[in-house]
Amino acid sequence: MRRLTLGFFILLLFSQLAFAQWESVAAISVITSAAMLGLLYMIGFGFGIHELILSSKEEAYQLVVVIAMIGGLIIVQTGGDAIFGAMAGYSTTIQDTAKSDADAMITNLASEFGVLATLENDVAYQGSRSLSCTLFTVGHTISGCGGYSMVSPAISGVEATVGLGIAELSSLSRLMMIGKEYSFLLLLPVGIILRTFKITRGAGGLIIALAIALYFVLPLMIITMFGIADQFKNSSAGASYKAGLPSMNVIECVPQDTDDGTGEGTNPGRAMNILDQMIAATPQYIFAPLIYGIITPAIALLGTIASLRALASISGADIDVSALSKVI
Amino acid sequence: MVDVCSAGFSDFIYSGVMPAAAVSAIAATAVIAASYMYGKATSNPKLNDYSKTEAVQLPITIASIIFIVLVISSFCSIDMNSVRAVFNLPVLPNSTDVFGAAESYLDNSAIFAQQALVTARYQHSAYNILLMRSTYACEWWCIFGQSGFSYQGFSGYTGRMNLMGMLMNTSLISLFSALNALFILNFVKSGFFMMLLPIGIFTRSMPYLRAFGSIFIAIAMSFFLIYPATLAVFSMMDKLFTSPLDGLTCQSGDNTIVIKDYLQNDENIISRDDSDPGLNIGEKLHDDELARAYLPCGQDYPAQTAQLAAYAFIAAAFLPTVALLAAAASARYIAKMFGEEVDLSRVAQMV
């Protein structure tokens, strides 16, 4: 068994001279499957064991499925990028485009987070100010800036949304890195090897499905969803969702001012001014984290996991993969 | 129980499991032979069919057991550096077998999740301390009373503190997922699953207990072979453990502070104050000095912490779940081969 394993890996090493990594593994797996089913059929035919003959016919069907899958992957891998580039006007691969889009959005959200953090600092500082006046232990304290404290929770909520958006997009970015770096280098060859043998066919099918889902489906979902969001933002309906970071002017609070009016010269009026600025800037600073950071990754992940189940079923591993949806 | 690749495991297999399997096989053979003889004597076609079917299935079951033992010994002899060389991946300084590679992946992912947790916790604690800071500046009549403005200069950290709380929860789930997967692997490595095999041999050949035996053998095969192998494959993905804090530094006077080391220091944030008299809170009259005392160069890293928590979740929760699902898929396929259906996908929903 050890020599067989060693011989298999030596064969893999030399096969890389002729083909790409996973294609040589696929070729060896096809040859191994064909040899195994041939042996099964010969033994079954020779000894009249019908179960073995049926088993070899089932193996032949699985071999045809594997060859079709490998052919499809080669076509999509070599032609997919060219077709996509021609359709969408991109000169890079699907994977690079999707990852760079996600990384660029992470950078945007991080910048937005910084702006919001500065805003919260300023607003909270103003809201915490109070004036005290005491003379020989007799005096009073005035907290005229309480109106500002209503603005801080709203900013905190947006900060949390932006932070979660960064986390969601980062998880997608990491999955796309796995797909781009390791799908064809590691996952697909291992999956094909495992699928060759009947005992490990289930696991091999799942790993093949994972490789295809991370390499093709996830980047396509990201590009599609981002494209929809971009189209909306560039349309007349999305004109208010301007690009760029929001800027707001925090008017200084006067702690000793206890005027209860809402005019411009009063503390409540100053707080309302900040709130009005926030409401006006809401389309700007909420659109990106909610649409690009929360909803788009959720839909992209749901689509990827759904495709993972379908691909796993085709590859011979019909199993419930809903446990992976908890990443959302 | 002993470690699967240790010398004692061979003794466990050949002195414990194999004799038990042999006894089970002999007992099953005796039952099948008795059924056949009784079926012939009473001209019972059902018993004849049963005994003929089991006479074919029993060698298949025994062959499966021998296959498992052979593959386990292969797993213990495969050098993962050789496998890495096959896939053109950089080799590690210390070579290890398949089970060792699987364990090191889960160790690394648990450490990665713990680093994310510590980073979020540190900043959460720092924000908590800074939020409590209140400054009062006396501006007039200071000799006869106190009159002036008071403010909380760091009250704007509330939102970030809430975010760190959420990231701590996520990182905690990642850590528990990695530990859960590690405990399952150690349980598998202990060899306890091998005890299922003799039971599986006997019960698979018995009427009405066939499903029971098939499931035992399928579970033993999938968790012994597929689960560690899948984790060993993931262990070759070196880029999984890159952190957004890698390489980040800042300058504090003449000192260069490495951000990752600063935020992931195990030292309690309060003891950091006591260990260095220069960081005494009472001496920090200026808010920026206090911020620099608890945050590297006065700067926090919430966006990078969110990224780190996400990366840790993928490495410590998502991929081990995939390994469990691969084992479940394999168990289903093997059980189907033995004639029964079993769905272990709910195992992956334990966390």
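This is a predicted model: local features need pLDDT of at least 70, side-chain atom pairs count only at pLDDT 80 or more; totals for chains, interfaces and linings use all residues.
**Exercise 1. Carry out the corresponding analysis for B:Cys297.**

Solution. 
Step 1. B:Cys297 is found in the loop between α10 (287-294) and α11 (302-337) of chain B.
Step 2. Its phi is positive, near 55°, and the residue is not a glycine.
Step 3. The neighbour count within 10 Å must be 20 or more for a buried residue and 12 or fewer for an exposed one. B:Cys297 counts as partly exposed because it has 15 C-beta neighbours inside 10 Å.

**Exercise 2. Describe helix α1 of chain B: its span, its bend and its buried residues.**

Solution. 
Step 1. The helix covers residues 7-42 of chain B, 36 residues in total. From first C-alpha to last it reaches 51 Å, close to the expected 52 Å.
Step 2. A bend of about 35° occurs in α1(B) at B:Ile13.
Step 3. B:Ile13 is also one of the buried residues of α1(B), which include B:Phe9, B:Phe12, B:Val17, B:Ala21, B:Ser24, B:Ala28, B:Ile32 and B:Ser35.
Step 4. For the spacing in such a list, recall that an α-helix has 3.6 residues a turn, so residues three or four places apart point the same way.
Step 5. The cover over the buried residues of α1(B) includes α2 (45-77) and α6 (196-204) of chain B.
Step 6. Just after the helix, B:Ser43 has a positive phi of about 55°.

**Exercise 3. Summarise the fold of chain A and examine its helix α7.**

Solution. 
Step 1. Chain A contains seven helices and two strands, in the sequence order α-α-α-α-β-β-α-α-α.
Step 2. Of its 328 residues, 42% are buried. Among contacts in chain A with a separation of 6 or more, 71% join residues 24 or more positions apart.
Step 3. Helix α7(A) runs over residues 267-315 and has 49 residues. Its reach of 67 Å, from first C-alpha to last, is close to the 72 Å expected.
Step 4. At A:Ala281 the helix bends by about 60°, and the proline A:Pro283 follows within four residues.
Step 5. A:Gly316 comes after α7(A) and has a positive phi near 105°.

**Exercise 4. Determine which elements of chain A touch chain B, and how strands of the two chains pair.**

Solution. 
Step 1. The contact involves 62 residues of chain A and 59 residues of chain B.
Step 2. On the chain A side, the elements giving two or more residues are α1 (2-15), α4 (94-128), β1 (130-135), α5 (151-196) and α6 (201-234). The largest share, 20 residues, comes from α5(A).
Step 3. By residue class, this side of chain A has 37 nonpolar, 16 polar and nine charged residues.
Step 4. β1(A) pairs with strand β2 (residues 147-151) of chain B in the antiparallel sense, over four bridges. Within this pairing, A:Cys133 has B:Ser147 of β2(B) as its bridge partner.

Methods. Residues are numbered from 1 along each chain as its sequence is written. Chains are lettered from A and ligands numbered from 1 in the order in which they are written. Two residues are in contact if their C-beta atoms, placed from the backbone, lie within 7 Å. The expected span of a helix is 1.5 Å times one less than its number of residues. The bend at a residue is the angle between axes fitted to the seven residues ending there and the seven starting there. Ala, Val, Leu, Ile, Met, Phe, Trp, Tyr, Cys and Pro count as nonpolar, Asp, Glu, Lys and Arg as charged, and the others, Gly among them, as polar. Two strands pair if DSSP finds at least two bridges between them.
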